Amino acid sequence: MDAPGGDLEGEPESLWLASAEDTGYPALDRDLEADVAVIGAGIAGLTAALALKRAGRTVAVMEAARVGTGVTGHTTGKVTSLHRLAYTDLDRIHGTGTARVYGEANQAAIGHIQRVVAEEGIDCDLRVVSNYTYAETDDALERVRAEAALAARLGLPSAFTTDVPLPFPVKGAVRFDGQAQIHAVKYLQGLARAVHGDGSFVFEQTRALQVHDAGPGVVDTEGGSVRARDIIVATNVPFGDDGAFASRCRPHRSYIVAGRVDGPPLDATFISVDEPMRSILTVSADVGAGGRNYVLVGGEGHPVSEAGDTAGRYNRLAAFARDRLGVNNVAYRWSTQDNMPVDGLPYVGLMSADARHVYVITGLRKWGLTNGTAAALILADTISGRVNPWAAVFDSNRATPDSPATPDSPATAEGTASPEDVAGAENDTNQSGEASPVTPDRITLAPGEGTVLDVAGKSTAVYKDADGIIHSLSAICTHLGCTVEFNPADTTWDCPCHGSRFAVDGTVIHGPANRDLPPGPEHLPESLT
């Protein structure tokens, strides 16, 4: 069993959330009508909502928690069109034309974010920087040279360089100039302020329960329903698709630590080609009394079906931050999940070939600030009756491979699972809800530990809190019935099949599940201590 999360260095919270003000939008408590309903107040949902409001539509945004507390609030804050070696992979899989469109869309997203920040007066610590994909080995160096040359031919701001402003030696890098970084949560809060009002709404603590694709469509929540001609589902993992995108996307988890450093932030962001992949940037964030400079180091990604030693993943990132980047101590640590498309391209458009009014954004492949912005602009154009030049490439109903992309492709280079991996994870658990974990004669849990037990034939998630009180929940994920696993580093119950995550009290903190884990049995085995 992993060590309890309390043994790890740093607060288990995103630096972005720790350094942002709380929001207080109301929960939906009535039925209402709007031109467009948006489910999800992350980068994709709020960008689409503001673009549609500016186009004259009324919009109602529904967020299950608070603005920015989902995937966008746990990102790195990089706003860039340089996505490791994406262009080499896309050119090989889809051709040069598709790679060019992908780059154009992401470059346009950078410009859109900069314009919105200026026009709406959003204080989100935006900084224009260069972004580097760097190599430390000769093999990686050749791949970097090829990526730099290809990206330049595609019209992107690309150059190969051996002058890489890192405090440790590297052999060379692709450099994209004119990129950016932002405080992601402050940016989303600024978008929400611009959306809310004048007949449009942002609702927090409002979980969508059901979507009806009719004319108009309807989104049902516990507090009321929203009738709208068009509905956008922007929840990272799609809600309401009955798992249709599970065969076309792979849930993938990665980790970030933020450590305090002396000196000013670097005017650049970085990601490695060599494995283990490391993502690096420096930020200034006001947390508590006065501002401090932090280095963020991300990596240790894996399919959600292969959780492994989560504490060890955080510790390896912390060691890299100390040894390579001069971090004094790790102040924050967090993990996030992304939906990785099997063919390397986001899915944007109608939820299905038969859908009439329900649209989806998913598969943002770890680069949500730009891919999510581009996706939102595609749907804003589509719903407004305008032709978008990127829509065909990102089409949510395009043909996708029957098998995952090849080993060097975007779908697997980051460690995402194949269909066989996911099927295996699902077969290891009983989706009918009758999973039967082995129950030893005696179970001893330390405070902060959890496990899954067979209690009277029911798969039960059991957790002991800091006060020694034992809590039990059903261990059956409310999405499609897989058995959850305890994540001690993040103190969550995680589904290994499709990536749903639950707090220790059973509350959903990450979809596709939209119902909490129900309480477990009142009477637990006497052998549990």
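Colleague: Are Cys 482 and Cys 497 buried or exposed?

Modeller: Both Cys 482 and Cys 497 are buried, where buried means under 20% relative accessible area, exposed over 50% and partly exposed in between, with a 1.4 Å probe and protein chains only. This is a predicted model in which local features need pLDDT of at least 70 and side-chain atom pairs count only at pLDDT 80 or more, while totals for chains, interfaces and linings use all residues. Residues are numbered from 1 along each chain as its sequence is written, and side-chain values use heavy atoms, with hydrogens and water left out.

Colleague: What do Cys 482 and Cys 497 form?

Modeller: They form a disulfide, with their sulfur atoms 2.2 Å apart, and a search of the whole structure finds one disulfide, a term for a pair of cysteine sulfur atoms within 2.5 Å. The pair links distant parts of the chain, 15 residues apart, with Cys 482 in the loop between β20 (470–474) and β21 (485–487) and Cys 497 in the loop between β22 (492–494) and β23 (501–502). Strands (E, at least two residues) and helices (H or I, at least four) are DSSP runs, numbered from the N terminus.

Colleague: And why is that disulfide left-handed?

Modeller: The torsion about the S-S bond of Cys 482 and Cys 497 is about -100°, so the disulfide is left-handed.

Colleague: Switching topic, how confident is the predictor in the chain?

Modeller: The protein chain averages a pLDDT of 87, and 89% of the residues score at least 70, pLDDT being the predictor's confidence in each residue, from 0 to 100. Over residues 402–436 pLDDT stays under 50, and the model has 73 contacts beyond four places in sequence for them, where contact means heavy atoms within 4.5 Å. Residues 1–6 also stay under 50, with 16 such contacts.

Colleague: Which residues touch the most other members of the largest nonpolar core?

Modeller: Those are Val 61, Tyr 187 and Ile 232, in a core of 72 residues; a nonpolar core is a set of buried Ala, Val, Leu, Ile, Met, Phe, Trp, Tyr and Cys residues joined through side-chain atoms within 4.5 Å. Leaving aside neighbours within four places in sequence, Tyr 187 is in contact with residues including Ile 43, Ile 113, Val 116 and Cys 124. Apart from that core lies another, of 26 residues, among them Val 297 and Leu 325.

Colleague: How many salt bridges does the structure hold?

Modeller: The structure holds 22 salt bridges, each a side-chain nitrogen of Lys or Arg within 4 Å of a carboxyl oxygen of Asp or Glu. One of them joins Glu 119 and Arg 54, whose closest N and O atoms are 3.0 Å apart, and this pair links helix α4 (residues 96–120), which holds Glu 119, with helix α2 (residues 43–54), which holds Arg 54, 65 residues apart.

Colleague: What about Asp 125 and Lys 186?

Modeller: Their side chains meet in a salt bridge at 3.6 Å, N to O. Asp 125 lies in the loop between α4 and β4 (127–135) and Lys 186 in helix α6 (residues 184–195), so the pair ties together parts that are 61 residues apart in sequence. Asp 125 is partly exposed, at 32% relative accessible area, whereas Lys 186 is buried, at 18%.
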